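These are my notes from a look through the structure. I wrote down what I looked up, entry by entry.

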Amino acid sequence: MYNTMKRPTSERLLEATRRTFLGSSSLGLGALALSLLSPAPAPAARPSDNPLAPKKPPRRPTAKRVIYLHMSGAPPHLDIFDYKPELQKRDGQNCPAEYLQGKRFAFTSGVPKLLGTRQPFRRCGHAGIWMSDAVQPLHAVADDVTVIRSMKTDEFNHAPAELLLFTGFARQGRPSFGAWTCYGLGSENDNLPGFVVLISNGVQPSGGQGCWGSGFLPSVFQGVQCRSKGEPVLYLSDPPGLDRDLRRLGLDALKDLNEWQHQELGHPETRTRIAQYELAFRMQLSANEVMDISREPQKILDAYGAKPGAGSFANNCLLARRLIERGVRFVQLFDWGWDFHGTNPKEDIRDGLTQKGTITTQAVAALIKDLKSRGLLQDTLVIWGGEFGRTPFREGRTAGGSILGRDHYPDCFSLLLAGGGIKAGYTHGETDELGFKVTQDEVHVHDLQATLLHCLGFDHTQLTFRFQGRDYRLTDVHGKVVSAILQ
Amino acid sequence: MVFARFFTKCWVVALCAGTLSPAVAQVPKTIDFNRDVRPILSNNCFQCHGPDEKTRKARLRLDTPEGAATAIVPGQPDASELIIRITASPDDASRMPPAKTGKTLGPRDVAILQQWVQQGAKYAPHWAYVPPKPPVIPTTQFRTVNPIDAFLWARLEQEGLKPQPEADRYTLARRVALDLTGLPPTLEEAEAFVTDTAADAYEKFVDRQLAKPAFGEHWARLWLDLARYADSAGYADDPLRTIWKYRDYVIESFNANKPFDQFTIEQLAGDLLPQPTIEQLVATAFHRNTMTNSEGGTSDEEFRNVAVVDRVNTTFTVWMGTSIGCAQCHTHKYDPITQKEYFEVFAFFNNTADADRPDESPTLPFWSLRDFLRKMALEQQIAALEAELKGKKPEELKPQRDRLATLKKELAALKPATSVPIMKELVGPQRRKTRIQFRGNFLDLGDEVREGVPAVFHPFPEGMPKNRLGFARWLISRENPLTARVIANRFWEQIFGTGIVRTSEEFGIQGELPSHPELLDWLALDFQRDWNVKRFLKQLVMSAAYRQSAAVTAAQYERDPDNRLLARGPRVRLTAEMIRDQALFAAGLLSPKMLGPSVRPFQPSLGVSAAFGGSIDWKMSDGEDRYRRGIYTQWRRSNPYPSMSTFDAPNRDTCVVRRNRTNTPLQALVLMNDPVYVEAAQALAQKARTSTSTPDEAVVMIFRRCLIRPPSPEEQKRLVQLFTDARAAFQKAPAQAQQFAGNQPTSRDPATDAALTLVASVVLNLDEMVMKR
């Protein structure tokens with residue numbers, strides 16, 4: 001006789017998700033299995049099977065929530081953070097063969113020409129972090145941030161690189177960073193999703209919904225795409241003609257009939273469904289409230305560059321703050337328009353970048369300052385960057401034209417981090433004088449993931465989920481914590 | 001890790017709560033290697049002491065008796081290094097597993113290993129790799145319909161449980177119709193069954209469901225999840241892909257009750273059959289559902305390799321229930337599959353003509369008869385003209401030349417009505433060599449390998465060609481211990497809610513053990529007998545176990561929350577497609593139109609585009625195409641139909657064996673507010689208004705169209721009260737009423753219409769609506 005009762009946490013969790021997503025007060029195995037994620041005594045609150053109930057991580061976290069600002073397409077880091085005077089000196093020269101051997105590039109073949117930045121660079125803040133004028137608004141927050149100049153990835157096409165960054169694996173099918181975070185920590189707000197995604201400039205990232213998917217984790221952990229224009233969450237609004245009182249009238253009848261169903265058949269999932277309808281009813285109010293920025297003071301709107309009703313990145317930054325203030329665990333923003341190949345003037349590393357960089361980083365800087373003034377920066381991780389870097393040479397297809405652009409480059413890129421236990425006013429890592437290779441303190445994207453999970457209180461090798469017989473994790477089988485960037 | 005810890009705590013809990021069977025807490029008297037020992041070793045030891053020699057520590061492997069000989073003295077736990085190490089004190093550096101692995105053995109694990117060594121440390125092959133043997137059908141005191149019941153009831157008796165009585169006929173009618181066709185029965189059909197006094201009334205009802213074309217539309221869904229079927233190519237720009245002929249092939253195959261062995265061969269190797277039919281070629285689109293990357297700057301060869309890897313992994317998941325993917329980069333940590341063996345399987349799939357091209361070639365075109373005749377005629381005329389012009393100077397025969405140009409233009413403008421990507425085997429010098437790819441990198445190559453199957457499985461059939469056709473025959477050969485079990489288990493999972501092997505995607509060493517191993521073997525052998533899908537499914541739904549009432553007491557529920565023992569009837573949430581189809585069906589809106597190009601029902605505007613691609617919003621289809629079954633909804637990978645994805649429909653980037661069945665507030669929002677469901681409620685209200693004369697009649701009609709059974713007096717009264725209250729409120733706001741009722745042109749009493757719409761919406765949102773009952 002085989003024992004059927006014994007099974008891994010992951011299976012229990014799936015059950016818990018559908019049986020008692022919320023509100024059950026019975027102490028089931030599911031609750032225990034979940035609390036195993038935190039060996040520390042469970043919080044004093046009533047035991048719950050809700051997979052999104054807040055959970056303590058195994059160790060003391062420095063960050064409780066995350067705002068990830070992703071610039072889809074990959075910003076040209078050599079024109080933003082990684083200052084290379086030598087590359088400027090050798091501008092226009094043939095790229096040395098040693099850097100091309102055995103390499104594949106997306107749009108470049110043959111021998112390209114080196115391309116020095118046209119952006120003025122300066123040292124910013126007391127820390128003297130190098131930043132270009134393309135991101136001039138960031139200069140004012142230099143002493144609040146860490147810039148990593150030694151990032152590395154394995155992928156040089158957008159979709160695989162974004163998937164690697166957000167799911168730890170370059171192909172579809174794995175849970176995203178936000179989903180892992182909610183799986184590990186739950187959410188602090190019962191009336192809003194735990195993981196919210198906001199997209200600006202009207203285009204999804206190349207990695208698609210996989211960048212905020214739940215993979216094989218239960219789908220309650222997947223990111224919910226909210227919109228800053230129109231209905232904030234799909235199907236949130238009651239149908240035309242049905243007001244709140246009538247909705248309540250209908251829900252009361254629904255509840256009675258469902259209760260009787262429960263009495264007759266005895267399935268706890270029915271009780272869960274009753275609770276879900278009540279939550280949905282509350283969410284209709286709270287989601288509309290949180291997504292309405294029109295009541296923010298004008299000076300806040302101005303600081304971000306936000307305008308009520310616009311679908312802009314600035315609006316989304318402000319929404320990110322409003323969401324995490326209300327206990328949302330993970331907010332992920334995607335901004336389109338960073339693929340600086342030089343195929344049109346907007347993709348020129350001179351004026352095109354200055355325009356894009358200024359308008360974007362105004363909102364980023366405002367967000368960092370706003371979080372700081374509200375005492376939220378200290379336990380909120382903010383990350384700004386792309387999925388890979390860009391080449392120190394001109395992109396092959398556009399090399400003959402007048403617009404200056406760079407190709408995709410996986411071996412080096414830069415990333416900005418702030419808050420949540422990350423050092424303030426610090427530069428980490430170096431690349432060589434032309435910017436082809438990391439020469440000091442390489443940080444692979446798996447190391448970044450390990451470090452961010454560390455800030456959230458997890459050992460990245462221990463936050464696992466069993467699927468197809470294997471314990472999977474965000475960092476796949478890699479990753480080491482970069483303690484140098486931690487406070 | 002979490003897994004390991006769960007085991008130990010689970011044991012503690014079991015002792016406190018006293019709800020689980022005693023077997024959990026006690027160490028069994030006789031140790032069974034597969035049941036008791038392998039899970040402990042596999043979860044805690046194999047990563048360093050398993051099949052992968054690259055990561056093996058201390059040259060010790062515990063997955064074979066030979067490998068473990070240095071660490072185990074059979075019969076002498078105290079002399080065995082294995083036992084000494086696992087019982088060493090926690091601060092002893094020699095203790096296993098090492099603290100840094102985060103793995104710990106609980107007291108029960110240790111006791112089991114000790115007793116195992118005491119009893120001689122006997123190994124046994126993994127259960128799923130041993131061919132099923134005809135089991136003895138047990139006897140039972142409870143009434144059985146077929147051997148399925150005998151196996152289940154015998155286990156219930158052991159557990160001191162007993163089955164539930166049969167569910168009432170309305171419940172049964174809805175349950176079995178939903179399970180077999182994805183739709184509820186019509187009221188008339190259900191009524192006829194309820195009043196049928198014949199002894200075989202239920203069987204006749206089942207046969208009617210199996211014969212409906214809706215059967216294939218429902219069961220295709222499961223297969224399309226496995227086949228990762230979608231109407232787009234995936235990756236960044238996710239362009240639309242024309243491959244719906246394959247979807248239709250699957251629907252028609254289920255409806256024709258195509259034997260599963262034939263279904264297998266056609267999909268994996270239809271093109272290699274002698275003189276393949278069009279249907280057999282279309283079937284090979286199964287493996288053309290892999291994604292194509294047309295993002296600028298991507299290497300076609302790289303993503304062709306990715307597609308081949310997907311084909312290998314999908315094939316093993318679908319037919320063998322074994323995740324072989326790990327072995328792409330390194331020898332498998334748990335199952336004895338080497339990296340070389342992985343690429344030997346890879347070689348079977350590495351010689352098709354497709355190569356990650358944006359045009360998806362090779363494809364099979366389908367012409368309308370008129371265009372086809374025209375095309376033939378044009379080709380003939382062109383050939384004749386070209387022959388006439390051969391050897392002539394460019395300035396000669398001007399009229400003929402002009403005519404030729406015109407004909408060529410016309411030919412180029414002729415396009416097939418549709419097409420489908422297919423598999424086409426390369427021949428001669430075009431054939432690719434397969435080499436091991438180190439760490440799964442297609443540029444980092446090792447030795448050349450030839451087609452072959454892993455040694456752990458049954459041997460490749462003698463005299464069979466070493467190509468996809470031979471490989472497909474290997475899968476369905478009688479010697480294969482896995483395929484029949486895996487498929488039988490998957491069908492079981494659809495009908496009963498949970499597989500006999502719960503991890504229906506994983507039968508390998510890291511998978512869970514079957515709850516009823518003898519039953520699974522019996523089912524596998526029975527299915528393998530004729531691979532007859534409809535007969536097999538009929539057997540499942542004919543069983544007394546399936547027909548039980550789903551009612552359960554709190555104590556019974558706690559005892560077996562997942563209903564693994566089937567001491568009650570199955571009651572699980574419907575799939576995304578079923579929920580939508582059912583609402584449209586109840587409202588009388590569902591179109592019966594079958595097959596053909598995918599359709600675009602109403603979808604809210606998202607206002608975003610795919611990266612480098614077009615808008616993911618769509619133009620709604622016209623007329624009845626808005627109300628087709630969910631299986632025909634255009635499946636865009638970057639944006640699966642939002643209301644269905646809320647009910648756990650996957651995006652189908654990769655093969656999905658088991659869908660989740662979550663229960664979330666976003667689902668409540670869909671059923672309350674998605675215009676599709678609002679429209680269904682309005683249509684139900686209209687039907688009730690025009691064909692009934694009292695609120696009670698109207699309520700009963702709405703209720704029965706949705707749930708088949710009549711409402712209880714209590715339910716009826718409550719809904720009538722809702723109607724009365726809502727009508728009073730709507731009477732004070734006639735404009736609102738008109739809007740909510742859907743601006744019915746013939747309406748004389750908008751408040752009544754609106755109140756009935758609210759009643760219908762409440763019924764459509766009932767827990768019972770989204771669940772089997």
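Which residue takes a positive phi just after α5(A)? I found G186(A) there, with a phi of about 65°.

**Ground rules.** I am working with a predicted model, in which local features need pLDDT of at least 70, side-chain atom pairs count only at pLDDT 80 or more, and totals for chains, interfaces and linings use all residues. Residues are numbered from 1 along each chain as its sequence is written, and chains are lettered from A and ligands numbered from 1 in the order in which they are written.

**Chain A overall.** I counted 11 helices and 17 strands in chain A; these are DSSP runs numbered from the N terminus, helices being H or I with at least four residues and strands E with at least two. Of the 487 residues in chain A, 65% are buried. Buried is taken as 20 or more other C-beta atoms within 10 Å of the residue's own, exposed as 12 or fewer, and partly exposed as in between, with C-beta atoms placed from the backbone. I also looked at contacts, meaning pairs of residues whose C-beta atoms, placed from the backbone, lie within 7 Å. Among contacts in chain A with a separation of 6 or more, 74% join residues 24 or more positions apart.

**Where chain A meets chain B.** The contact takes 89 residues from chain A and 96 residues from chain B. Elements giving two or more residues to the chain A side include α1 (9-19), α6 (244-265) and α7 (268-291). The largest share of that side, 13 residues, comes from α6(A). By class, I noted 38 nonpolar, 32 polar and 19 charged residues on the chain A side. Nonpolar means Ala, Val, Leu, Ile, Met, Phe, Trp, Tyr, Cys and Pro, charged means Asp, Glu, Lys and Arg, and polar means the others, Gly among them.

**α6 against α7 in chain A.** The axes of α6(A) and α7(A) are 9 Å apart, at an angle of about 165°. Axes are lines fitted to C-alpha atoms, for helices over the stretch in contact, and angles run from 0 to 180 degrees between N-to-C directions. The two helices, α6(A) and α7(A), are therefore roughly antiparallel. On this scale angles under 35 degrees are roughly parallel, over 145 roughly antiparallel, 65 to 115 roughly perpendicular and the rest oblique. Residues of α6(A) in this contact include L251(A) and L254(A), and those of α7(A) include I274(A) and Y277(A). The contact of α6(A) with α7(A) has 5 nonpolar, 4 polar and 4 charged residues.

**α7(A) against a helix of chain B.** I then followed α7(A) to α28(B) (residues 665-673), where the angle is about 75° and the axes are 8 Å apart. That makes α7(A) roughly perpendicular to α28(B). Among the residues making the contact are Y277(A) and M283(A) from α7(A), and P665(B) and L669(B) from α28(B). This contact has 7 nonpolar, 2 polar and no charged residues.

**A488(B).** I placed A488(B) in helix α21 (residues 483-496) of chain B. Is A488(B) buried or exposed? A488(B) counts as buried because it has 27 C-beta neighbours inside 10 Å.

Key
Contact = placed C-beta atoms within 7 Å.
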